[in-house]
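My notes follow in the order I checked things.

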Amino acid sequence: MSWGKKTLKHVLICCESGSRPKGGLENVEEVKEGYVPSLGAEHLSGNGGFNFTNLKTVNSSFYEGMKTGKIQRNDVLIVKDGATTGKTSFVDENFPYTSAGINEHIFCLRANPEIIFPRFLFYFLASNVGNQ
């Protein structure tokens with residue numbers, strides 16, 4: 001059986017980054033009504049999960065206006081710059097927010113499930129081989 005090789009761009013529906021409003025964001029202990037979590041590099045944990053300490057939020061109108069960077073289930077999030085470049089997390093069924101966005105320091109990779117299992121893409125990118 002031959003599996004063939006595919007480049008990353010051929011297995012993705014999209015690869016996008018997010019944004020944040022001018023003036024930055026404030027840390028919050030809990031997400032209040034009218035606000036949506038905004039994840040940065042510090043929120044991706046070293047084991048593929050998330051650390052919601054010092055969570056930041058954007059107001060719902062800013063989130064609704066975002067053209068890119070809205071997280072969905074089965075997305076792979078990867079830090080794209082800075083000291084933790086390559087740190088990778090997977091948005092699975094245990095992700096606690098129905099709506100959340102990312103800032104400009106993270107790429108959101110959305111796999112085409114007809115070509116590759118999203119979780120497999122995560123494991124590959126988090127591995128020593130995929131994280132080079």
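I count two strands as paired if DSSP finds at least two bridges between them. The model is a predicted one.

**Entry 1: the open sheet.** I looked up the strand order first. Four strands form an open sheet, and the order reads β2-β4-β3-β7. The pairing in this sheet is mixed. Which strands are at the edges? They are β2 (27-28) and β7 (101-102), and each of them pairs on one side only. I then went to β3 (residues 35-39) and β4 (residues 55-59). Four bridges join them, in the antiparallel sense. Across this pair, I found Thr 57 of β4 opposite Pro 37.

**Entry 2: strand β8.** Next I took β8, residues 106-111. How many of its six residues are buried? Five are, so the rest of the structure largely encloses this strand. I looked up its partners. Strand β1 (residues 12-17) runs antiparallel to β8, with five bridges between them. One bridge I noted pairs Cys 14 with Arg 110 in β8. Strand β5 (residues 76-79) also pairs with β8, antiparallel, over four bridges. There, Val 76 has Leu 109 of β8 as its bridge partner.

**Entry 3: helix α3.** I moved on to α3, residues 118-126. Which of its residues are buried? I listed Pro 118, Leu 121, Phe 122 and Leu 125. Viewed down the helix axis, the buried residues of α3 fall within an arc of 100 degrees, so they line one face. I reminded myself of the general rule: an α-helix has 3.6 residues a turn, so residues three or four places apart point the same way. What do the buried residues of α3 pack against? The list is α1 (8-11), β1, β5, β6 (88-90) and β8.

**Entry 4: the nonpolar cores.** I finished with the cores. The largest nonpolar core has 13 residues. Which members touch the most others? They are Leu 39, Ile 71, Leu 77, Phe 95 and Ile 102. I checked Leu 39 in detail. Leaving out residues up to four places away in sequence, Leu 39 touches Phe 50, Phe 52, Leu 55, Ile 71, Leu 77, Phe 95, Gly 101, Ile 102, Asn 103 and Ile 106. Another core, of 11 residues, lies apart from the largest one. I noted Leu 12, Val 76, Phe 90 and Ala 111 among its members.

Terms used: Residues numbered from 1 in each chain as written. Predicted model: local features only at pLDDT ≥ 70, side-chain atom pairs only at ≥ 80, totals over all residues. Heavy atoms only, no water. Helix = DSSP H or I, 4+ residues; strand = E, 2+ residues; numbered from the N terminus. Buried < 20%, exposed > 50% of the residue type's maximum accessible area, 1.4 Å probe, protein only. Arc of directions from axis to C-beta. Contact = heavy atoms within 4.5 Å. Core = buried A, V, L, I, M, F, W, Y, C linked by side-chain atoms within 4.5 Å.
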